[in-house]
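Please look over the report below, which walks through selected local features of one protein chain.

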Amino acid sequence: MGRPVNTSSAPVLNAIGLACPEHLHSQETLIDAFTTAQSLSSRDARRLRAVFTRAGIERRRGCLPLHGDPENTSLLDVLTRPATTGERMSLFAREAPRLLRSACQDLLSRLDDPSVLEDVRDLRVASCTGFLAPGLDRVLVEELGLRSDVHRTLVGFQGCQAGLVGLRDAAMACRVEPGHRSLVACLELSSLHVQAGADEDPLVGNALFGDGAALALVSGAEVTDSDGPHLTAARSDLHAAEADAMTWTVGDAGFALHLDSRLAGLLAAGLRRLTEEPSWQAVLSDRDAWAVHPGGPAILGAVREALDLSDEALAASRAVLAEHGNMSSPTIFFVLERLLRDPNWQRGVALAFGPGLSTEAIALERA
């Protein structure tokens with residue numbers, strides 16, 4: 001799928017199902033709670049407030065309540081104890097299936113005929129915030145009534161780009177078998193990895209990330225029965241020389257994030273290289289809709305500058321960031337879902353970024 005293909009033969013993105021946990025935390029509430037719980041000095045409290053305020057987030061949802069009781073673990077318990085990785089994975093095993101089932105119900109409610117799921121031949125499940133076996137693939141098979149012989153693949157530790165990695169591979173599978181359908185699932189409980197301290201990396205991670213889940217149904221050209229956009233091209237770009245610019249490391253107290261201060265500039269440079277790719281010059285210069293992963297204000301600013309976009313072009317991305325925070329892999333589907341509700345565009349591009357340092361791009365076109 002490197003080069004654009006004929007729209008009539010391209011797979012279609014039929015529907016997207018979304019879910020967020022029940023606990024809603026405003027950014028201002030989190031600022032006060034994290035400051036008090038960690039007994040931060042005045043200097044560190046000011047740093048925390050500055051980082052949280054610059055994040056462009058108004059509220060986020062999490063799988064844990066902010067405050068708990070002796071019977072229930074809270075977000076502040078995980079932060080200040082701090083919880084071990086084993087404890088965090090136990091919480092993931094409890095909360096992830098529950099959230100994924102909610103996303104399944106949302107997807108089913110959006111399908112005119114849920115029986116089309118009987119045609120799903122392959123399933124891709126992405127997560128970088130938890131592990132369990134049997135895994136989330138089994139939850140999806142049971143909840144959606146998928147075939148027992150469905151091909152199941154885990155997309156692990158790909159970070160924020162994993163949603164587009166799964167969508168890209170689902171589209172490729174449907175091009176090989178135009179009579180098949182594919183399902184992509186993303187679920188992240190990033191809040192389980194809050195980290196104590198006032199250093200830059202934990203501050204940024206605590207300020208940005210929220211929890212969420214998303215499902216996307218893709219159909220081959222022979223079974224397409226919706227007016228969803230066709231997935232006409234995909235491109236991956238690995239900036240191998242910058243492997244340490246974004247890392248996600250398993251430690252004894254959860255998973256630890258590192259974002260290089262040069263990250264936005266490095267991603268912008270990668271996008272400029274993409275604009276020089278002959279087969280993608282026309283794609284990127286002829287788009288009237290943009291679904292950009294809202295990794296944070298700096299990343300959105302770098303994308304806008306590198307691709308010479310208007311502020312309006314990134315309105316959906318900024319809205320998702322403000323309302324949900326960065327949910328890692330499901331986030332791009334929250335942006336795409338907003339675009340699917342808007343009939344006033346013809347050609348779009350989805351962009352996301354991940355460890356490596358890497359960029360994923362997918363072109364979408366309405367027939």
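## Surroundings of Leu 187

Leu 187 touches Phe 92, Ala 96, Leu 99, Leu 100, Ala 126, Ser 127, Thr 129, Leu 136, Gly 212, Ala 213, Ser 329 and Pro 330, leaving aside residues up to four places away in sequence; contact here means heavy atoms within 4.5 Å. Leu 187 belongs to strand S6, residues 181–189, where helices (H or I, at least four residues) and strands (E, at least two) are DSSP runs numbered from the N terminus.

With a relative accessibility of 1%, Leu 187 counts as buried; the classes are buried under 20% relative accessible area, exposed over 50%, and partly exposed in between, with a 1.4 Å probe and protein chains only. Leu 203 is 16 residues from Leu 187 in sequence, and their C-alpha atoms are 23 Å apart in space.

## Basis of the model

This is a predicted model, in which local features need pLDDT of at least 70 and side-chain atom pairs count only at pLDDT 80 or more, while totals for chains, interfaces and linings use all residues. Residues are numbered from 1 along each chain as its sequence is written, and side-chain values use heavy atoms, with hydrogens and water left out.

## Cysteines

A disulfide is a covalent bond between the sulfur atoms of two cysteines. Taking a disulfide as a pair of cysteine sulfur atoms within 2.5 Å, the count is zero. Cys 160 is in no disulfide, and the nearest cysteine sulfur, that of Cys 128, is 6.9 Å away. Cys 160 counts as buried at 10% relative accessibility.

For Cys 174, the closest cysteine sulfur is in Cys 186, and because the two sulfurs are 16 Å apart, they are too far for a bond. Cys 174 also counts as buried, at 2% relative accessibility.

## Backbone geometry

Most residues other than glycine have a negative phi, and most peptide bonds are trans. The peptide bond from Arg 81 to Pro 82 is cis, with omega near -25°, and Pro 82 lies in the loop between helix H3 (75–80) and helix H4 (85–110). A cis peptide bond also runs from Gly 356 to Leu 357, with omega near -5°, and Leu 357 lies in the loop between strand S12 (347–354) and strand S13 (358–365).

Ser 39, in the loop between helix H1 (27–37) and helix H2 (42–54), has a positive phi near 50° without being a glycine, and it counts as exposed at 64% relative accessibility. Asp 308, likewise not a glycine, has a positive phi of about 55°; this residue lies in the loop between helix H10 (297–307) and helix H11 (315–324) and is exposed, with a relative accessible area of 70%.
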